[in-house]
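The sequence and the structure are shown first.

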Amino acid sequence: MIRRLLSVTIVAAVMLTAGVVGRATALDEDRAEAIAELRSLAQSIRTAEMRTDHLGGSIAIAEKDTAARAAVLEVRPAFVDEIAALTAAIEGAVGKVDTSAHRASAQSAQQSVLDERKNPATVVAATATVHALIDKVGQDIGSWETAQYAAPSGPAWASSGPDGYARVRAALDQVGGGAVGLYESASCAGGTAPACANSGGFIKYRADIVDWSADRLNWAMAHELAHIYQFRVWGALTSSDAYYSAFGGDAEFLANCMAVVRGYPGSVGCDADQQAWASGIWVGAVG
Amino acid sequence: MRGVAVVAGGLLLLGGTVLIAVADQQRVDALAEARAAVVQAEERLELAREVNLRLAEQLTALRTTIAEQETLLTDTSGFLP
């Protein structure tokens, strides 16, 4: 009886122990699983939070960029308006003054505006530059017009009339003297010369030359324009040995040769060496 | 003598049972704690993802704005050729 009871008790104790151990193992396994999951979640959270930081930084940078670009764009219409005004001024200057330098400056300003992304002051400065260029073109046109139509004193024409004046003016423009003042005068060599140039930078013509043929008129204006260019280098010219050896110190002969170089030959020709030397005077170089 | 043995055995049995019960309770508590931590972590991750999504949308909107501004900035209409 006691032995049976003991056996039953031992079996019961073994089963109970097995049950307790099994439960403990199962609980431990569950816990280990939960901790592993927690680790992987912690990793994910770290990644997500790093991304949050990264996004926050990117947004701050992007907001700064947007604000800077908006500021640049805000002052841009004023610049475009000035460019439009300058374009009009340059178009108005065609045939009067050389605007290539103004255009180049404006293009440089345009490029700096196109490249600017942050600082509106750059665009404002470029706008001011273009505005100054417009003023400059206007002034240049003004001085050209003054040189065109105003004689040192008195009217530009007398007996030759406006049409006659226009014909001589067109010839002078044709040969490259667009910026040189012109007026009618019978004072050239006391009236014996049909035209002359003075060292003040003006060309005078006698009324009768308005009836000359176009070729002769062009030659005459090229010849007088040559004198204007001679005056600009007068000191160097008169102290040049070549001037005396090649042209005999004759300004008229040199002027004829310079007209030949420009493509307006008159009755007097000159050889290739003389032409080469004479062409230098047109660009201010005395050989 | 036998009585003493029975009492001692009974006490040992009781002590062992209490020990086992306490150990079991500790395991159960630890598991519950770990699971609670998992739930909490999941909530935190969810929240972080929502925030990221919102920020990503904001960033996309800003980048679109920048692209539009870039188009305007590189526009050369009205400029000198």
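## Helix H9 of chain A

The model described here is predicted. In helix H9 of chain A, the buried residues are Leu254(A), Ala255(A), Asn256(A), Cys257(A), Met258(A), Ala259(A), Val260(A) and Val261(A). The cover over these buried residues includes helix H6 (214–232), helix H8 (241–247) and helix H10 (272–282) of chain A.

H9(A) comprises 12 residues, 251–262, which at 1.5 Å a residue should span 16 Å; the C-alpha atoms at its ends are 16 Å apart, in agreement with that expectation. Just after H9(A), Gly263(A) adopts a positive phi of about 100°.

## Packing of helices H2 and H3

In chain A, helix H2 (residues 76–92) packs against helix H3 (residues 100–115) at an angle of about 165°, and their axes are 12 Å apart. Because angles over 145 degrees count as roughly antiparallel, H2(A) and H3(A) are therefore described in that way. The crossing of H2(A) past H3(A) is left-handed.

From H2(A), the residues Phe79(A), Ile83(A), Leu86(A) and Ile90(A) meet His102(A), Arg103(A), Ala106(A), Gln110(A) and Val113(A) of H3(A). Sorted by class, this contact has 6 nonpolar, 2 polar and 1 charged residues.

## Contact between chains A and B

Between the two chains, 41 residues of chain A are in contact with 35 residues of chain B. On the side of chain A that touches chain B, the elements giving two or more residues are helix H1 (2–74), H2 and H3 of chain A. H1(A) gives the most, with 31 residues. By class, this side of chain A has 21 nonpolar, 8 polar and 12 charged residues.

Methods: Residues are numbered from 1 along each chain as its sequence is written. Chains are lettered from A and ligands numbered from 1 in the order in which they are written. This is a predicted model: local features need pLDDT of at least 70, side-chain atom pairs count only at pLDDT 80 or more; totals for chains, interfaces and linings use all residues. Axes are lines fitted to C-alpha atoms, for helices over the stretch in contact, and angles run from 0 to 180 degrees between N-to-C directions. Helices (H or I, at least four residues) and strands (E, at least two) are DSSP runs, numbered from the N terminus. Angles under 35 degrees count as roughly parallel, over 145 as roughly antiparallel, 65 to 115 as roughly perpendicular and the rest as oblique. A crossing is left-handed if the near helix is turned anticlockwise from the far one by less than a right angle, and right-handed if clockwise. Two residues are in contact if their C-beta atoms, placed from the backbone, lie within 7 Å. Ala, Val, Leu, Ile, Met, Phe, Trp, Tyr, Cys and Pro count as nonpolar, Asp, Glu, Lys and Arg as charged, and the others, Gly among them, as polar. The expected span of a helix is 1.5 Å times one less than its number of residues. A residue is buried if 20 or more other C-beta atoms lie within 10 Å of its own, exposed if 12 or fewer, and partly exposed in between; C-beta atoms are placed from the backbone.
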